[in-house]
Amino acid sequence: MADQNESIPAQEAAAAQDPAAQKNAQLLSLLHGLFGEDTFTDVEEPYGLLTATTTRERIHDIIAGLQQDQQLQLNFLTTMCGMHFPEREGQELGMVYHLHSLTQNIRLRLKIFFPIADPVVPTLTDLYATANWMEREAFDFYGIIFTGHPNLIRILNVEDMDYHPMRREYALEDGTREDKTDLFFGR
């Protein structure tokens with residue numbers, strides 16, 4: 001990552017020498033060409049991985065287009081997981097999708113965010129068979145509902161559980177415990 005004090009031409013020159021940055025710039029240009037520049041926001045490259053945010057209304061069409069594109073061939077859904085940020089009002093829940101082209105060696109991370117009061121996202125099971133269990137896990141741990149999923153039931157927790165354990169709604173520790181000495185935990 002370039003230093004914030006460097007000039008823009010110096011940053012561009014550094015990016016020109018970095019093959020990953022060049023590949024990400026080409027990928028972003030292709031994405032803008034396929035779906036429009038206004039489709040993606042918060043574009044960044046943490047650890048050299050192109051990451052962009054879009055909307056849940058467009059995520060299915062975008063991923064289907066990327067899977068079918070002959071140039072990109074993003075035909076492998078590496079990871080799909082839920083996330084919870086209670087401090088982001090109106091965007092508390094989210095999903096992360098990692099796509100990979102094995103033939104082109106291209107990786108892409110897409111994110112979507114939505115309100116906890118409306119945790120509905122379109123399923124990707126019609127595009128990737130692996131989405132089945134990953135969506136069930138996100139449903140089980142975060143309460144995200146995937147419309148069109150063939151069998152959206154809990155996968156790791158018991159069926160009669162009435163909460164979603166990965167949401168940040170509960171304290172990490174029991175403050176009433178007396179059997180722990182903070183002296184040993186550096187607090």
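Strand β5 (residues 106-114) is largely enclosed by the rest of the structure, because eight of its nine residues are buried, where buried means under 20% relative accessible area, exposed over 50% and partly exposed in between, with a 1.4 Å probe and protein chains only. The model is a predicted one, in which local features need pLDDT of at least 70 and side-chain atom pairs count only at pLDDT 80 or more, whereas totals for chains, interfaces and linings use all residues. Residues are numbered from 1 along each chain as its sequence is written, and side-chain values use heavy atoms, with hydrogens and water left out.

Five of the strands form an open sheet in the order β1-β2-β5-β4-β3, with mixed pairing; two strands count as paired if DSSP finds at least two bridges between them. The edge strands of this sheet are β1 and β3, each of which pairs on one side only. From one strand to the next, the twist averages 15°.

On one side of β5 lies its pairing with strand β2 (residues 50-54), which is parallel and extends over five bridges; within it, T51 has R109 of β5 as its bridge partner. Strand β4 (residues 93-101) also pairs with β5, in this case running antiparallel and joined by nine bridges, and here L93 has F114 of β5 as its bridge partner. The strands β4 and β5 form a hairpin with four residues between them, and N105, which belongs to the turn, has a positive phi of about 55°. Further along the sheet, β1 and β2 pair in the antiparallel sense over two bridges, with T41 standing opposite T53 in β2.

Helices pack against this sheet. Helix α3 lies across β2, β4 and β5 and runs at about 165° to β5, an angle taken on a scale from 0 to 180 degrees between N-to-C directions, with axes that are lines fitted to C-alpha atoms, for helices over the stretch in contact. Helix α4 (residues 131-142) packs on the sheet as well, touching β3 and β4, and its direction makes about 5° with that of β3.

For the chain as a whole, buried residues make up 38% of the 187 residues. Of the contacts with a separation of 6 or more, 51% are accounted for by residues 24 or more positions apart, a contact meaning heavy atoms within 4.5 Å. The chain exposes about 11400 Å², of which carbon and sulfur atoms supply 52%; accessible areas come from the Shrake-Rupley method with a 1.4 Å probe, and for residues only the protein chains shown count as cover.
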